[in-house]
Amino acid sequence: MTSAEIQKAILDILASIAPDEDLSKLDPQKPFRDQMELDSMDFLDIVMELRKRYRVQIPEEDYPALASMNSSVEYLLPRMKDIPAA
Amino acid sequence: MPATTHASYDAVIIGAGMSGLAAGIRLAHFGLRVCVVERHSSIGGLNSFYRLDGRNFDVGLHALTNYRPSECRRGPLALLCRQLRIAREELALAPQIGSAIVFPDARLEFTNDFEHFRAEVHRHFPDQKERFEELVRHLADYGELGSPHTLCSARELVTAYIQDPLLVEMLFCPILFYGGPRPHDLDFGQFSVLFRSIFMEGLARPLGGVRPLLKTLVRKFKSAGGLLRVNAGVREIVCSGQRAVAVRLENEEVLPTRFVLSSAGLRETMELCRATPLPPAGEISFFESISILDVQPADLGLDKTVVFFNDSSRFVYAKPQELVDFRSGVVCVPNHFAYDEPMTSGCVRLTALANYDRWAQLSPEAYHEAKLQCYQRLLEAAARFVPDFRDHVVAHDLFTPTTIRRFTGHHNGAVYGSPEKRYDGRTHLENVYICGTDQGLVGIVGALWSGISMANRHVLQEHSRPGAAPFSVVADDRGPF
């Protein structure tokens, strides 16, 4: 997957978790939590959705890397580069 | 993914009520093989629905608590929608019009705007104003920081703030009716959750009652690949050492499983495990009537959503000596929520405390007779506090503690389950967990939350362990409350 594809995958996951949020205005540099209402449980759902959809395993100590869109893509790119886009 | 039968399951969930279905959705969504087994032909447990003489009836659900407008994405209701992948609009919730707590010498009205209730308390109990505010601050801080499971007596804590016993009784009346599992008092943690849910957030109801909500849950569960089996009562949770290995149904079918989540009740679940000693059974049960009217209730001046009444300055919340305790009760008018279009027929529900043993002892003929007599007396009792609607009743249905026993499986028809709660959901077996009423959360929102949090904490966390990212902190115990 490319950066753009990973970004789209994350947006799809966010849309499935929070269908009421307007994601079009999401600033990729800012933390998700500052821009949308995400509980720690929702945050874990992002991790579990990545695992379910793309079989990416993210150890707990790496969770902070998923704080914003940019940091997520940066973290996931080497781990998802060999995965075909859905 | 189609629902399929498996030779073995990751999780078997006992009971297709709100908590069991919510837990099922979470587990099926993340790919676990899940089977929900329900003793009855219909789903919902305590919150069920049926058709009688061409009319839809709805039991259990008076109102959903924790209401906030759908644009508000904070709070328990919003979080549980996200966890279940249900859009808030799908619930189609309409907020209440306005409710009241009515005692002989005082009346406190409340809406979904807490300021309204606050002003009512200040006006009727001016000398308690500061103390009430201190209690509210305590409850607010408690929600943010405190342990949810404080086992201390709510009575003791509240009376430390509020000196006027009448105000104490008036605060406890709706809270106990909406979630008190034991006589007179409850754990302060439960009081706090209920106070916030009812007064600080608020009441709402979908136009179609509990029916569309249950249908949405079942649809979500099945489309995620979960299997729902009705007419599948559980005979035994089969154990080996400290673990459950399977669930045996009443038809002797055996479902091997890695986890069991049970909404059957704490004592009832332990009985299924053949465990001893057993925790006590609850004793709080209700008699309830549903009256269909030939007019809109508001045309009779019955204009509130819910009225909690009590006929003296002291509110007695306990198992009565007689069949029904007519001194206090709840009048709920499902018509009085702000729906887009009004409900077609008028409906009034009356609820009062009742004695399971007295009802269970009656012969079928005497039971039938007693139901009708108690209905008339409950109508009379309510007419002391709300406009008399007796001349307008065109149909009714009644249920008693034995009905509740039949549909929930709870001993004594205990609506809110055992007086002893398992807030962490754990049992004496390492892979059997309690969800629903006896995990300690009440109401529809509480029950859904219970299913979600127990599934997350005990099953998804464990399931993702071998060779996978460990979700060691799925959530704190408190959840969103």
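Trainee: On a 1 Å grid over the protein atoms alone, a cavity is a set of points where a 1.4 Å probe fits but cannot get out, and lining residues have an atom within 4 Å of a point. Which residues line the second largest cavity?

Mentor: Conventions before that. This is a predicted model, in which local features need pLDDT of at least 70 and side-chain atom pairs count only at pLDDT 80 or more, while totals for chains, interfaces and linings use all residues. Residues are numbered from 1 along each chain as its sequence is written, chains are lettered from A and ligands numbered from 1 in the order in which they are written, and side-chain values use heavy atoms, with hydrogens and water left out.

Mentor: Now the lining. Chain A supplies A:Ala18, A:Pro19, A:Asp20 and A:Glu21. From chain B come B:Ser70, B:Cys72, B:Arg73, B:Ala78, B:Cys81, B:Arg82, B:Ile86 and B:Arg88.

Trainee: How many nonpolar, polar and charged residues are in that lining?

Mentor: Six are nonpolar, one is polar and five are charged. Nonpolar covers Ala, Val, Leu, Ile, Met, Phe, Trp, Tyr, Cys and Pro; Asp, Glu, Lys and Arg are charged; the others, Gly among them, are polar.

Trainee: And which helix gives the most to the lining?

Mentor: Helix α2 of chain B (residues 76-84), with three residues. Helices (H or I, at least four residues) and strands (E, at least two) are DSSP runs, numbered from the N terminus.

Trainee: How much space lies in that cavity?

Mentor: About 80 Å³. Grid points are joined across faces, edges and corners, and the volume is the space filled by probe spheres set on the points. The count of cavities of 30 Å³ or more is five.

Trainee: Moving on. Where is B:Arg85, and is it buried or exposed?

Mentor: B:Arg85 sits in the loop between α2 and α3 (88-91) of chain B. It counts as buried, because its relative accessibility is 10%. Buried means under 20% relative accessible area, exposed over 50%, and partly exposed in between, with a 1.4 Å probe and protein chains only.

Trainee: What does B:Arg85 touch?

Mentor: Residues of both chains: A:Ser16, A:Ile17, A:Asp45 and A:Glu49, then B:Arg26, B:His29, B:Phe30, B:Glu90 and B:Lys220. That leaves out residues up to four places away in sequence, and contact means heavy atoms within 4.5 Å. B:Arg26 is 59 residues away in sequence, with 9.2 Å between the C-alpha atoms.

Trainee: What about the helix α1 of chain B, how many of its residues are buried?

Mentor: 12 of the 12, so α1(B) is largely enclosed by the rest of the structure. B:Arg26 and B:His29 are among them.

Trainee: What should α1(B) span?

Mentor: For its 12 residues (18-29), 16 Å at 1.5 Å a residue; the end C-alpha atoms are 16 Å apart, which agrees. The expected span is 1.5 Å times one less than the number of residues. After the helix comes B:Gly31, with a positive phi near 90 degrees.

Trainee: And α9(B), which residues are buried there?

Mentor: B:Val210, B:Arg211, B:Leu213, B:Leu214, B:Thr216, B:Leu217, B:Val218, B:Lys220 and B:Phe221. The 14 residues of α9(B) (210-223) should span 20 Å, and the end C-alpha atoms are 20 Å apart, in agreement. Just after it, B:Gly225 has a positive phi of about 105 degrees.

Trainee: Which residues have a positive phi although they are not glycines?

Mentor: B:His184, at about 70 degrees, and B:Arg274, at about 60 degrees. B:His184 is in the loop between α7 (165-177) and α8 (188-201) of chain B and is partly exposed at 32%. B:Arg274 lies in the loop between α10 and β13 and is exposed at 52%.

Trainee: Where is the cis peptide bond?

Mentor: Between B:Thr276 and B:Pro277, with omega about -10 degrees. B:Pro277 is in the loop between α10 (266-272) and β13 (285-293) of chain B.

Trainee: Last one: what domains does the assignment of chain B give?

Mentor: Domain 1 (9-48 + 211-280 + 420-475), domain 2 (112-201) and domain 3 (283-408); the bounds come from an automatic or database domain assignment. The C-alpha centres of domains 2 and 3 of chain B are 25 Å apart, and 14 residues of domain 2 contact 14 residues of domain 3.

How values were computed:
1 Å grid on protein atoms, 1.4 Å probe; cavity = no way out; pocket = protein on both sides within 12 Å on 5 of 7 lines; lining within 4 Å.
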